[in-house]
Amino acid sequence: MKERPIVEVVNASYAYPGGIKAIDDVSLSVEPGEFIALLGQNGSGKTTLAKLMNGLFKPTNGTVLIKGRDTKKMTVAECARIVGYVFQNPEHQIFASTIYEEIAFGPRNLGIPEEDVKRRVEEALKFVDLKKPTDAFPHLLSVGEKHRVAIASILAMEPELLILDEPTTGIDFGRSLQIMRLLQRLKDEGKAVIVITHDLYLAAEFAERIIILKDGRKFADGPTKEILSNKNLLTDAGLSPLQVTLLSESMKNYGISENAVRTMEFVEEFLKVLRRGYGSRV
Amino acid sequence: MSTAIKIDDLWVRYRGEEDYVIKGLSLEIEEGEFVLLMGASGCGKTTLCLTIMGIIPRVIKAEVKGNVRVFDLNPLNASPAEIAKYVTIVFQNPEMQLVTTSVYEEIAFPLENFGLPQDEIERRVEEVLEVVGLKGLEDRSPASLSGGQKQALAIASVLALRPKIIILDEPTSQLDPQGTKRVTDLILKLRREFETTILAVEHRVEWAVEHVDRIVVMNDGKIILEGDPKTVFSKEIKPEETGFRPPQVSEIAYNLIRSGVTFPTIPISLNEALDIFRGILDERKTYS
């Protein structure tokens, strides 16, 4: 039996006070175990859509359902129990005076008993691999560490869907890989993950589904390979195709059979062509 | 050409810390040069930039040993106003530097401080807004802009000053490809027209290899690798160690080398890669 989607967005629109329409008639659903990259230009509505999905914003038209319940009839706390949102800038999220207090805040707000809170904080810290004293002042951590505290504080709420707004912005590539691998593990544990990003490389390597927004509307939604290998589609969305995609496209007449989106796809394809003596050129 | 930045055996240790963050670093940058500074978080990149600006030790207290010159100034004891004539910085987090209530004011404010005539101020504001793609938003509050727009605004406000040296701390990290391209074009225009010296910290390597003269890689307060992009990527770069990934075409080449394919040279750009990969297949055909 198919599980009910965690979030269903049904013909939802959202206009900011003042009338700027940030989300325009978007429909999509998010199932357990999905790893989605949400792409689009600055100002395309990515963050607004994320806030609609976790109930921080209520749609001005249409409906957003979390586990079948209309977010308009749910409190923000009820929504946050199921859909966690990690802010783009961890500074916007971190406010407590110790790492422990920061991470314990969410579960305490949910009315979780203190001993259970303690367990959740420990598990979340272990998961993000932060080896700092839990009484340390979070504002003095490095950017990468703050990101991990921010993620841990949402993980401690044990949500079913985690939305991360540009989690790899401003941190180096090695750390970005660590965060993406961490999200991969969450996905493997059956949670759904949505990553808002500009980094097509990381999206290609980790996400299984790509959603692209353009001017507040859903511009594309499909399997990673199908979307990211479509050069024209990306260009229309204001995104630059990956080098590996352009490379494989330009080498079609050499027998490279399809547009690659991951580094190793091209490597394997190239080796195949090389080994068969590349007789298929004609 | 004169030397824009000269650093000799620099050591920096923050107050109250045991370890030095910069450990005997020397670096020389020529006027008009575009240098990319790379390395994992915590390697000392930002500390180096802040020291060149004189923000360390003037604002952020630290023990500084060694020599730093910015043209004919010593930023370690020059006044902020003197330094600002030569070098400005765009911070990674644009919110750190947006201080006014409108986009127009944000750019005009420092120009007014420098006492530029009003018509010149207006001209420069319009010019940079056009280039960073914020035209038409003059009256908007900086706080109401999206993350990427804020970054564009922070860059615009610095560019309008036309400093001799611009330090960019991840100038495009929050920008989409179009925004990135606009900023890149702007940087290249500055170099062309004003011979601006640029020191950029950036992780996005494909953006950089096409344009920079030199890549300087730092690790643990020291320079571990230095050269033009072609030289730097001629050997495999491990992201976990250096904090950045190689261009994707170089990454492909490293992987193929591991499978026994021989490369005349490691490609760093798409066009170069196309020539090399086609060449390898063409050669195989000749002999098969």
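# Domains, contacts and core of a predicted model

Me: How many Å separate the centres of domain 1 of chain A and domain 2 of chain A?

Reply: The two centres, taken over C-alpha atoms, are 35 Å apart. Domain 1 spans 7–239 and domain 2 spans 242–282; these bounds come from an automatic or database domain assignment. The model is predicted, so local features need pLDDT of at least 70 and side-chain atom pairs count only at pLDDT 80 or more, while totals for chains, interfaces and linings use all residues. Residues are numbered from 1 along each chain as its sequence is written, with chains lettered from A and ligands numbered from 1 in the order in which they are written.

Me: What makes up the contact between domain 1 of chain A and domain 2 of chain A?

Reply: Domain 1 of chain A gives 9 residues and domain 2 of chain A gives 6, a contact being two residues whose C-beta atoms, placed from the backbone, lie within 7 Å. On the domain 1 side, α7 (200–206) and α8 (224–228) of chain A each give two or more residues. The largest share is from α7(A), at 4 residues. Helices (H or I, at least four residues) and strands (E, at least two) are DSSP runs, numbered from the N terminus.

Me: Why is L168(B) called buried?

Reply: L168(B) has 24 other C-beta atoms within 10 Å. The cut-off for buried is 20 or more within 10 Å (exposed is 12 or fewer, partly exposed in between; C-beta atoms are placed from the backbone), so L168(B) with its 24 is buried. L168(B) lies in strand β6 (residues 165–169) of chain B. Leaving out residues up to four places away in sequence, L168(B) touches V90(B), I198(B), A200(B) and V201(B). Its C-alpha atom is 6.7 Å from that of F91(B), 77 residues apart along the chain.

Me: What makes the largest nonpolar core, and which residues touch the most other members?

Reply: A nonpolar core is a set of buried Ala, Val, Leu, Ile, Met, Phe, Trp, Tyr and Cys residues joined through C-beta atoms within 7 Å. The largest has 168 residues, and A152(A), I163(A), A203(A), I210(A), A156(B) and I167(B) touch the most other members. The largest share comes from α6(B), with 7 residues. A152(A) touches residues including I103(A), A124(A) and F127(A).

Me: How many residues of chain B are in contact with chain A, and which element gives the most?

Reply: 41 residues of chain B meet 38 of chain A. On the chain B side, α12(B) gives the most, 8 residues.

Me: Where in chain B is confidence lowest, and where is it highest?

Reply: Confidence here is pLDDT, the predictor's score for each residue from 0 to 100. It is lowest in α7(B), at a mean of 76, and highest in strand β2 (residues 22–30) of chain B, at 97. Chain B averages 88, with 97% of the residues at 70 or above. The model scores ipTM 0.85 and pTM 0.82.
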